[in-house]
Structure formats: structure tokens, C-alpha cells
Amino acid sequence: MITLYGYWRSTAAYRVRIALNVLKLDYESVSVHLVKDGGEQHHTSYDKINPNHLVPTLIDGDIELNQSLAIIEYLDECYGVGTLVPADLKQRALVRAISQDIACDIHPLNNLRVVSHLGAIASFEPADKAIWMDHWMSVGFAALERRLVKTSGLFCVGDTLTMADICLVAQLYNANRFGVSLEAFPVINRIEQHCLSLDVFQRASPQAQPDAN
Ligand SMILES: N[C@@H](CCC(=O)N[C@@H](CS)C(=O)NCC(=O)O)C(=O)O
């Protein structure tokens, strides 16, 4: 049995939930509440399986794996048919580049611990949080939109659902959560609409998780 340690609002955990659904894998979900009791990600029990104190962590037999992109690639290679990360060299490179645009260059700047630390070291008021989120997501999505004009079909890279779409949809949840305007990004909106019409995305959505409140 696969176990996923995550949190309903975590976009990184959301990515893994979508991948598990696409690959039709059953899993046990363990909620790590990122706010309650000082953040359960910092508790000793979770520290033992993930010293980074970030979700997700996936356990599959004897492997404890962090980093959502590594987890998705592992699941795709182990249990899939290699479509989330395509076999074709150029398609695979494009999928990884778009995934990393989101997971490495946009998402980390939105993270709870980054925003909390800004509040601790600078005069960073709650209203500044929205400005910070809006700035980094808008910059990231503007670049991504131009890239997707060249690479997309029904999905981010051609007409096949890949890891890039998983990253995009999860990041758009964060954008909507923080009120980022997405009107200027028609290609991004089109791909999101298509993905959200699919059951594998709907079942993985934050609102559909048992720990959602
Ligand atoms: N690069 C990591 C990022 C993981 C990450 O940042 N997780 C966030 C939730 S989306 C988290 O656990 N934040 C806890 C905190 O900031 O204290 C991945 O892709 O798995």
C-alpha cells in the first residue's frame, strides 16, 4: 500500500494526488496539518520521515520519497506507462522545463515558511502578503503563457496529459486562493478548464480531501 503524507491545501501534495489518480493507484492519505499546533510538519513524528519539514512525502514499501516531481516521476516509471513524463526526449525535456518553471521558480516563493519568515524579519504586514503572492505568480504565469503558446495542444505539451499539467493546475489553485488575476492568460485558462473537466483532477482537488475545512 502506498501512503501519502500531505495536506489538503498543499499544492505540492495536490500534484501527487493527481498523479496517483491518473495512474489509478490506491493510497492511504495521512494529513499533516501545516498550521495547527505550530505546524505538524515540524513535529518529531514527521521529522523522522521528512527532515525538510515539507509535504508531501510518499511511502511505497521500503522507499520514503520527498519532492513532488521526483515522486511523480517515480510513480510514472514504476506503475505507469511513461506518459506523465514522456518517453520522447524533446517532449520529456519540455515537460520537465515547464514543471520546473512552476515547481522551482513560482511555487517556492508562495510557501508558508517563506512568507512567515518575511513577516519575522521585515515590516511585512498581512496586506503585503497578497502583493508578494500576486507579484511572483503574475511574473511566472506571464512567462509561462508565452511558452505554452508554442508548446500546447489540449494540454501544456501537445495533446497528452503530463506532469506539466499537474503542476499548472495545482499552482492555479494557489493563484485563485490568493486572488491573482488570470485574465491575461488565455492559454493557461484554456488548459485549466480542460483539466478540471477530468475526474482525475476533480477527485484530487483540495476541496475534495477529507482534511479540508
Ligand atoms: N519542492 C517541494 C515543495 C514542498 C513544499 O513546499 N510543501 C509546502 C506545501 S505546498 C509545505 O509543506 N510547506 C510547509 C511550510 O512552509 O512550513 C515539492 O515539490 O515537494
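1. Basis. The model is predicted: local features need pLDDT of at least 70, side-chain atom pairs count only at pLDDT 80 or more, and totals for chains, interfaces and linings use all residues. Residues are numbered from 1 along each chain as its sequence is written, and side-chain values use heavy atoms, with hydrogens and water left out.

2. Ligand shell. The ligand is surrounded by 15 residues, a residue being near if one of its heavy atoms lies within 4 Å. Q41, V55, Q67, S68 and N111 are the closest. By class the shell holds six nonpolar, seven polar and two charged residues (Ala, Val, Leu, Ile, Met, Phe, Trp, Tyr, Cys and Pro count as nonpolar, Asp, Glu, Lys and Arg as charged, and the others, Gly among them, as polar).

3. Polar contacts (pairs of N or O atoms within 3.5 Å). A polar side-chain atom of S68 is 2.7 Å from a ligand oxygen. Taken alone, the ligand exposes 520 Å², of which the protein buries 91% (Shrake-Rupley method, 1.4 Å probe).

4. The ligand takes up space in the largest pocket; a molecule sits in a pocket if more than half of its atoms lie within 2 Å of the pocket's grid points. A pocket is an open set of points on a 1 Å grid over the protein atoms alone, where a 1.4 Å probe fits, with protein on both sides within 12 Å along at least five of seven lines; lining residues have an atom within 4 Å of a point. The largest pocket holds about 870 Å³ of space, the volume being that filled by probe spheres set on the points. Its lining has 36 residues, with L34, L54, H107, N111 and L112 closest to the centre. The lining comprises 16 nonpolar, 15 polar and five charged residues.

5. Elements (DSSP runs numbered from the N terminus: helices, H or I, of at least four residues, and strands, E, of at least two). α1 gives the most to the ligand shell, with three residues, whereas α4 gives the most to the pocket lining, with five.

6. Backbone. V55 and P56 are joined by a cis peptide bond, with omega about 10°. P56 is in the loop between α2 (44-47) and β3 (57-60). K24, in the loop between α1 and β2 (27-31), has a positive phi near 60°. Most residues other than glycine have a negative phi, and most peptide bonds are trans.

How values were computed
Polar contact = N/O pair within 3.5 Å; in protein donor to acceptor, adjacent residues only side chain to side chain.
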